[in-house]
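This report looks at how the parts of one protein model meet, and then at a single residue. Please keep the sequence and structure in view while reading.

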Amino acid sequence: MTTIPVTNPRTGEVDHWIEPWGRAEIAALGADLRKAQQGWSEAGIAHRVAVLRRWADAIEAHAGAIGDAEAVDTGRSRVAHEVPHMVVASVRGWCDAAPTLLDGARLQGRSSVTDTVSFDTELDPYPLLGVISPWNHPFLLSMLDAVPALLAGCAVIVKPSEVTPRFVEPVSASIAEVPELDAVLRYVLGGPETGQALVAEVDALCFTGSVSTGRALAETCARLFIPAFLELGGKDAAIVTASADLARAAAAVLKGAVHNTGQICFATERVYVDRTVHDEFVEELTAQASRLELNHPDIDRGHLGPFILGRQADIVDAHLADAVARGAVIRCGGPSETLDGGRYMRATVLTGVDHSMTIMREETFGPVVPVQAYDHVDEAVHLADDSEYGLSAAVIAGDEAEARAIGRRLHAGAVSLMDTSLTITIMRDVEKTSYGASGLGGSRMGPNGLLRFLRRKALITRSGPVTDMEMLREDPHS
Ligand code: NAD
């Protein structure tokens, strides 16, 4: 396969290249990992926890190098350097939780139909899991599924996005320091073709990325009869009621919309505000948004980094242009700007929007807050639910009870109340379902985040005599 060029998001220049893995190489790696997986699974949870805890220490030791590489991948510094520590916390958290989760999943008992039959459960991990991840949070999203899968007893091959591959080298160095882990966890580099080759080798797939790729991969997995766990795009709505503290609501909405330059699946992408407070809210939101600065030229200053993928800036510009052509008004911010080769966009507030506009229907993935007025809360719920997506949503009201009553009605898997984007704070604690086109295959969060990687084998024992053949007679009285 041909070398893939990688662009630096801050300069717009190609300064890195990757050699994509081919089908034969992935098949050979898969065979090696499958062999090692048997011992990994049989060694038991205490061993796997001990190995992963050593890896957490190794990530900490390599945190600087991983952060530096991800900073080049993504063009942002602070978040890039926080991510290794977030992964470490996630590894240690799953290590704490896994033994109890595995214990609780093993059921035993007696048949409810006949008391001479008893049963117990074997937990049988999928031997080899494939993980395909996107560019917006390179290291974190490559590990979100892999860590619980390893603790479940799977071996894992990860194919991160070809847009942001630089972090792989220092992460692989940390894995290599823990040989037992190195035998069951590997990264492979490449684009869609490498992804397809990976799917052909594995026993289950975790995919995080766009709806269109997710749909294609789900079809492939269905043909192969392997489970596909999909985490896809979003178009999160936030509802702001008349009783809300408008300064707080504006801050929550803005944070949700522009964090990571809006390149987050659960970014706030649409806001519905009660018409009686619309103007006041927009004034507050615009004032707060105007205070945010680009993190250019100094990567260590400002709030909004460059678009990680230059093409994404074109998509956001096209959504903005479509909205303006249909009557929307840009209150602050505006189209993307190119600075020293990087593509940036200021926090952008848009009013006069409606659902005829692409910006209210398709994932924008940029730092844009389109605001639409509503007259009645039923209309707000209707507008929020008028979407093919259902990843998450938010309600900011006068108090929690009011927000909760509205939030319970929304068609979304996680609803933040009195704030936005709270999903990230409960990753290991509670399960959530992605509604609509936002996902498939059960929760990656909460206990199911680990238990989904285990096939249940029921061992069913008859303790009394085998059923008398007379029971099969159609004419018992003859
Ligand atoms: P993408 O679908 O273009 O690519 C994702 C991954 O799939 C990449 O590694 C890519 O190389 C690979 N890929 C692409 N085509 C493939 C194919 N035909 N076969 C196999 N692999 C293939 O997505 P992206 O642009 O990298 O990421 C952005 C998207 O990810 C957004 O829609 C965002 O909302 C979504 N996302 C979702 C979540 C979530 O948890 N729900 C989290 C982050 C990002």
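Domain bounds, as used here, come from an automatic or database domain assignment. On that basis the protein is divided into domain 1 (4-232 + 438-461) and domain 2 (236-426), and the C-alpha centres of domain 1 and domain 2 lie 31 Å apart. The model is predicted, so that local features need pLDDT of at least 70 and side-chain atom pairs count only at pLDDT 80 or more, whereas totals for chains, interfaces and linings use all residues. Residues are numbered from 1 along each chain as its sequence is written, and side-chain values use heavy atoms, with hydrogens and water left out.

The table gathers the counts for the boundary, where contact means heavy atoms within 4.5 Å, a salt bridge is a side-chain nitrogen of Lys or Arg within 4 Å of a carboxyl oxygen of Asp or Glu, and a polar contact is a pair of N or O atoms within 3.5 Å, which within protein must be able to donate and to accept a hydrogen respectively, residues adjacent in sequence counting only if both atoms are side-chain atoms.

| Item between domain 1 and domain 2 | Count |
|---|---|
| Domain 1 in contact | 18 residues |
| Domain 2 in contact | 27 residues |
| Salt bridges | zero salt bridges |
| Polar contacts (both at pLDDT 80 or more) | nine residue pairs |

Domain 1 and domain 2 bury about 1900 Å² between them, 58% of it on carbon and sulfur atoms, buried area being the accessible area (1.4 Å probe) that two parts lose on being put together, summed over both. In domain 1, Arg10, Trp135 and Ser438 lose the most area to domain 2, together 36% of what that side buries.

Within domain 2 (236-426), Ser416 counts as buried because its relative accessibility is 5%, the limit being under 20% relative accessible area (1.4 Å probe, protein chains only). The side chain of Ser416 reaches the backbone nitrogen of Ser421 at 3.4 Å, and Ser421 is also among the residues that Ser416 touches, together with Ala393, Ala394, Val395, Leu422 and Thr423, when residues up to four places away in sequence are not counted.

Technical notes. Buried < 20%, exposed > 50% of the residue type's maximum accessible area, 1.4 Å probe, protein only.
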